[in-house]
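Work through the exercises below with the sequence and the structure open. Each task is followed by a solution in steps.

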Number of protein chains: 2
Amino acid sequence: MAQDDSLRPPPAPRPTDSELAILRVLWRLGASTVRQVHDELSRREPAGYTTTLKLLQIMTEKGLVTRNESQRAHVYQARLAAEETQSQLVRDLLDRAFEGSAGRLVLRALESRPASAEELADIRKLLDDLEGGQR
Amino acid sequence: MAQDDSLRPPPAPRPTDSELAILRVLWRLGASTVRQVHDELSRREPAGYTTTLKLLQIMTEKGLVTRNESQRAHVYQARLAAEETQSQLVRDLLDRAFEGSAGRLVLRALESRPASAEELADIRKLLDDLEGGQR
DNA sequence: TGACATATACGAAGGGCTTCGTATATCCTC
DNA sequence: GAGGATATACGAAGCCCTTCGTATATGTCA
């Protein structure tokens with residue numbers, strides 16, 4: 001039986017570059033206040049506090065983050081885990097630039113950047129699973 | 001000896017979604033007129049002819065495409081091959097969403113979409129090469 | 001040659017993204 | 001309880017992206 005759509009949160013839109021920078025901080029730090037996010041972002045490059053605040057407010061409206069208002073300083077949290085958003089972004093790029101071919105995207109990725117021996121082993125294991133399934 | 005930067009074309013900016021849709025057409029059809037690009041785009045969804053024209057004009061300014069004006073109907077061509085732009089986009093996504101880890105991106109890609117047995121074999125071969133180099 | 005089809009050029013509207021200034025509320029401390 | 005630090009809310013400017021209408025040039029054909 002299908003679930004009631006009215007109870008399911010709407011799909012989160014693709015985050016913009018700035019929003020993704022904030023999501024990365026939230027994934028790393030976990031639930032955080034605007035100040036914490038802002039301080040972390042400012043480590044890389046200066047930015048106005050209210051800019052970070054405004055972005056988090058907009059991200060709340062979009063459903064990219066959730067907000068706990070029980071304290072004076074609201075606490076924000078990424079709504080989706082890093083893995084979920086990453087999968088979404090990969091699928092999106094697959095459709096926009098690779099005609100849907102995951103294989104080609106993987107080739108470009110492995111050519112473009114060195115992966116650790118450990119990661120390569122993980123990938124090999126995944127390949128075994130995938131090929132095993134269709135043999 | 002380093003090459004003279006003044007002779008090297010400036011790096012192409014990351015294409016927007018609409019621009020990427022046009023690039024995909026150019027990669028598939030090769031050098032094309034606005035009309036050809038527009039007809040191909042319209043197969044998927046209706047769009048105004050001048051919209052496609054304007055986009056191609058802007059893409060020319062940005063250096064995403066080159067334009068041959070020797071005919072009345074200008075002929076456009078993608079400046080970078082599909083593989084180059086794809087690599088650029090993958091590196092970009094790597095930095096924006098994966099903390100630079102190609103391994104994690106690959107895992108997400110292979111989980112997200114089925115790859116053909118042939119592609120999986122290609123990936124395995126690439127893995128052999130990569131691991132061979134550091135053994 | 002005149003009329004029509006078709007090309008490019010260009011301006012502008014509308015919307016989204018990013019940034020920031022300012023207003024206002026709340027907490028802490030002396 | 002007054003003042004300063006710090007929080008949220010909100011509006012607006014500036015820029016880019018997308019779309020389209022219109023003006024104008026050029027080719028084609030009866």
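**Exercise 1.** Of the 22 residues around DNA strand D, which come nearest?

*Solution.* The model is predicted.
Step 1: a residue counts as near a strand if its C-beta atom, placed from the backbone, lies within 6 Å of that strand.
Step 2: of the 22 residues around DNA strand D, those that come nearest are His74(A), Thr16(B), Ser18(B), Gly48(B) and Thr50(B).
Step 3: at least two residues of this surface come from each of α2 (34-44) and α3 of chain A, and from each of α1 (17-29) and α3 of chain B. With five residues, α3(B) gives the most to the surface near DNA strand D.
Step 4: by class, the surface near DNA strand D holds six nonpolar, nine polar and seven charged residues.

**Exercise 2.** Describe the surroundings of DNA strand C in the manner of Exercise 1.

*Solution.* Step 1: there are 22 residues around DNA strand C, and Thr16(A), Ser18(A), Gly48(A), Thr50(A) and His74(B) come nearest.
Step 1: two or more residues are given by each of α1 (17-29) and α3 (49-62) of chain A and α2 (34-42) and α3 (49-62) of chain B.
Step 2: α3(A) gives the most to the surface near DNA strand C, namely five residues.
Step 3: nine polar, seven charged and six nonpolar residues make up the surface near DNA strand C.

**Exercise 3.** State how chain B is related to chain A, and through which surface the copies meet.

*Solution.* Step 1: two copies of a chain are related by a rotation about an axis and a shift along it.
Step 1: here chain B is superposed on chain A by a rotation of 180° with 0.0 Å of shift along the axis, at an RMSD of 0.0 Å. The two copies are therefore related as by a two-fold rotation axis.
Step 2: Val106(B) is the residue of chain B that comes closest to the rotation axis, with its C-alpha at 2.7 Å.
Step 3: 97% of the interface residues of chain B are also interface residues in chain A, so the copies meet through the same surface.

Conventions
Residues are numbered from 1 along each chain as its sequence is written. Chains are lettered from A and ligands numbered from 1 in the order in which they are written. This is a predicted model: local features need pLDDT of at least 70, side-chain atom pairs count only at pLDDT 80 or more; totals for chains, interfaces and linings use all residues. Copies are superposed by least squares on the C-alpha atoms of residues with pLDDT of at least 70 in both. Two residues are in contact if their C-beta atoms, placed from the backbone, lie within 7 Å. Helices (H or I, at least four residues) and strands (E, at least two) are DSSP runs, numbered from the N terminus. Ala, Val, Leu, Ile, Met, Phe, Trp, Tyr, Cys and Pro count as nonpolar, Asp, Glu, Lys and Arg as charged, and the others, Gly among them, as polar.
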